[in-house]
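Hi,

Here is the model I said I would pass on.

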Amino acid sequence: MPPLKAAPPSIPVSAKSQSPRSFLYTTLAQTHLGERAALIISTLISFGRLSARELAQKSRLPVSVVKTSLVSLVQLQCVLYWKADTATYYCFHEEGLDKLLYSGDIVSMIEGKYNDGVSAEIVQNVLSMGHLRVGDYLSTGDKKLQIEIQKKFSTLFQDGYLIPLRSIHFSPINDVWLRTMKIAKDSLPFSATISETKRLAEATKIAKDKLLELLETPKAMEVFVSHNALGKVINPDLPLTFNLARFQKSLRTESLVSFATARVGSLTSQVYKAILSHLEKLSPDIQHPFQKIPGLLTDPDDLRHFTYSREEKETAKWLTFNANDVMKQLPKTIDLRKSIVSAPISGKRPRVKEGKQAKRVKTEYGAAMPPATPQSEPYNLSENDDDEECVSQNGYVDTTVLVSASLVQSHLKLMSSNSVPFLLETTPGNFVIPFNKLTASLKQFTYDALLQGTLTENPASLRILRCIREFRLVEEKQLCAAALIKEKDFRSCVVPLMRLNIIEVQEVPRSVDRSAARAVYLYRFKSELTMELISNSLMYNIGQLLEGIQDMKRNNAILLDKANRDDVKGKEEELLLASELSELKNLQSSEVNSIALANRVRSLFDVLHVF
Amino acid sequence: MSTKEALSVLAETLHAHMLEEDSRFFKLEELQTAMALDSSRLLPVLQELMNKNLIKPGKSDGQISFQAVSLVEAEKVGGMTKDEAMIYSHIQGSGREGIWTKAIKAKTNLHQHIVLRCLKALENQRYIKAIKSVKHPTRKIYMLYNLQPSVEVTGGPWFTDSELDTEFIDSLMSIVWRFVASKTFPNAFPTEHKPEYNHTQSSYPAHYNGFPNVSEILDFIISSQITNVELTTTDIRSLCNVLVYDDKLEKVSHRVDQYKATWHSILAAGGGLPVGTDPYAVQEVPFSIFNLHAVVPSNAESEIEGVYLDSWMET
């Protein structure tokens, strides 16, 4: 009698319950890569670094199956490996699955940016394979298109979307760092003249430089080879992979443009978009490799120095621009005329005749208010000789040219003078984008907007939150007085904030018996903790939406199988019932809606967690 | 017989002299000098005035001193019982702050029934009135009928009958915001297409310094006669701060008490769009949480309707 085969192991419930991260990535792996991959991913997230044998033991999968699955997962960079003395260890790597999560957006962004399907197809193939060689790609395609494809590869490489794949991409950065650090320490022998602290500091400095050297992208001269007909082309034997960090910069551009539209105006945001798009390739990556190494930047001094050096890099010469540089990048259709209006001059204000009652305007609350004063009318500065310079500077006079350097300059100044640091004027007329400070503002405003959208029943909650943020540690009565809220309404506004763990309460006893009735309660807000909490909630929401799609497909598996049969495909209207067709349509629209929702939630997650 | 009629000439002269500065406390030495009397002759005069309730004793710089009481007041007190007069004097002493019934009881050492009876009698004669304190809404506080409660008691202009008048605050905030918005952006709420403005966006240049400060906002409120409540710059500042907490205004950097409206608040109020634009038209723009007019097509038949931010916390 043959031995009874055990049922294939399924994904444990803990994959969902242990953390939003585990839930999201397991669901994502299940959607794109299947049950086995999801089980391996879930096990690696649960246990951390494991060898293939340990992984098989924990996941209850046969070792051979684990090893086969690992090959694909490593290829897609969902799993990284590290060869230690005794065994090879595997650990989970988010980037691979992130590429799958962003894949739809990546492909549509590439298609939109280059306005052609070939580049998008190349990127789509790179994403689905993990990495590929130009030679392999050309061998499978149409030979007539080879020249065009090679050009597209070159463009994608030059724009930073494709990067050469190296062995370091398959290794966990923490392990690489530890090894580099060990080598650096070994290179500095013990000495009676140098203290251990100094030796360690020196070793860290050497190791940091070495790590950056290792991670440095190869230069173009190492990637390109000569071609008889095309001149320089990418080495066909060089494996290329998609650069997610480059795409994240595009996402950041998108978010910052929307942010500028909301805070400054739509025309200024278009000017800003032109700058951001131009600097996208040149600007440093959103996340520095050092930030990915746990424990490296824990010392406050180190962190301060690191932040300072990052901010210093943002003001580098190649990231500095002026109005003329921006003008070259602006779309031809943009019309900036009359977008900057001269300030009214009080002396020129037409006066309302005495005794003549000004017309009253009824406000939305029913209270009477006089109409906008004539001060808001623009004053033609050309009447004033003293302001001649201002006229040309602000570009009011020339109304035939859609865009002028002075107008662009005015928009740039508008951004640099805003309370949100969209731009920083380093020297007169020269600007840089202070990404570090700007993303902090973006996070703050996104967080507030998210709460505003969520706490619609208690709009005063956000007012209280901003108040707490300003006062840092504040008690109820002070809050009520500052926010002009009734004391009896205060609790109902604070409860949703406490329920979402946004604010903390501190009890200050006033009597020896610590009586709660006599105690004073202080409120405080901790930005990092709440930001992490909301990020986790959003991560869970994305997972929920993806899981919902899967559940929906599972519930309608019979219908979907029927629709996907080869003999039915293309003849659905003939072979399917009207009710089935309607059900299929509903399923499709639900899936599209869920994906759209997941992408929207993800865009918020990007701002709060990735940037 | 009136109070004044029965007075001696000396007492009358002294009272008249003291009434010239009626709120002042006179020390014995001062009175001796003023009347050119020694203490043995002055004391009976003071006693006479005391008996007629025309002066009241007090302490000034640790010395006994006296304050004149007007004839009307003295007559009023003269008509009261002893307990009523005692309670009345304590209420009078509390000034515009008022005094809590419990404090009256403690200070007079009278039984609660007597205190309540006296208070009722004084209230009926319109000598005193009960007021509500913002700080202590449950306490019964009394003060003289003709006095206005202090700001500490009433809570200032934002309180009506000891209740925060949120409707008044909200309408005033809306007006303040509208005024500041009109000074911050040249064409924030366009009603017709004006050729002098760009229909997509019109802004003042970065060097513009016409943003209003609290005094200008107060002047505007006063001149437009929006309210008859007396407001100060401090009140306007607190209103502006609330608008800052609501992200409708922001402080102008490097300027004291100067505010400007946020562009986001203009968009939220339906402004900042070209005339005739449908803000809720479907736009081919990437999703942004800051886009207040983004249209999300509802799909009633869909089972996956949406997600809740607190789903993870609720699990």
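The side chains of Asp247(B) and Arg263(A) meet in a salt bridge, with N to O at 2.9 Å. In total, 6 salt bridges are counted between chain A and chain B; the term stands for a side-chain nitrogen of Lys or Arg within 4 Å of a carboxyl oxygen of Asp or Glu.

Before going on, the ground rules: this is a predicted model, local features need pLDDT of at least 70, side-chain atom pairs count only at pLDDT 80 or more, and totals for chains, interfaces and linings use all residues. Residues are numbered from 1 along each chain as its sequence is written, chains are lettered from A and ligands numbered from 1 in the order in which they are written, and side-chain values use heavy atoms, with hydrogens and water left out.

Back to the interface. Chain A brings 86 residues to the contact and chain B brings 66 residues, where contact means heavy atoms within 4.5 Å. The area buried between the two chains is about 6500 Å², and carbon and sulfur atoms give 59% of that. Buried area here is the accessible area (1.4 Å probe) that two parts lose on being put together, summed over both. On the chain A side, Arg463(A), Leu484(A) and Arg600(A) lose the most area to chain B, together 11% of what that side buries.

Now chain B itself. The chain is divided into domain 1 (9-71), domain 2 (80-154) and domain 3 (160-268), with bounds from an automatic or database domain assignment. The C-alpha centres of domain 2 and domain 3 of chain B lie 43 Å apart.

There is an open sheet of 3 strands in chain B, in the order β1-β3-β2 and with antiparallel pairing. Strands are DSSP runs (E, at least two residues), helices likewise (H or I, at least four), numbered from the N terminus; two strands pair if DSSP finds at least two bridges between them. At the edges sit β1 (25-27) and β2 (55-60) of chain B, each pairing on one side only. β2(B) pairs with β3 (residues 63-68) of chain B over 6 bridges, and Lys59(B) has Ile64(B) as its bridge partner in β3(B).

Ile64(B) also turns up among the residues touched by Leu28(B), along with Leu42(B), Leu43(B), Leu46(B) and Phe66(B), not counting residues up to four places away in sequence. Leu28(B) belongs to helix α2 (residues 28-35) of chain B.

Cheers
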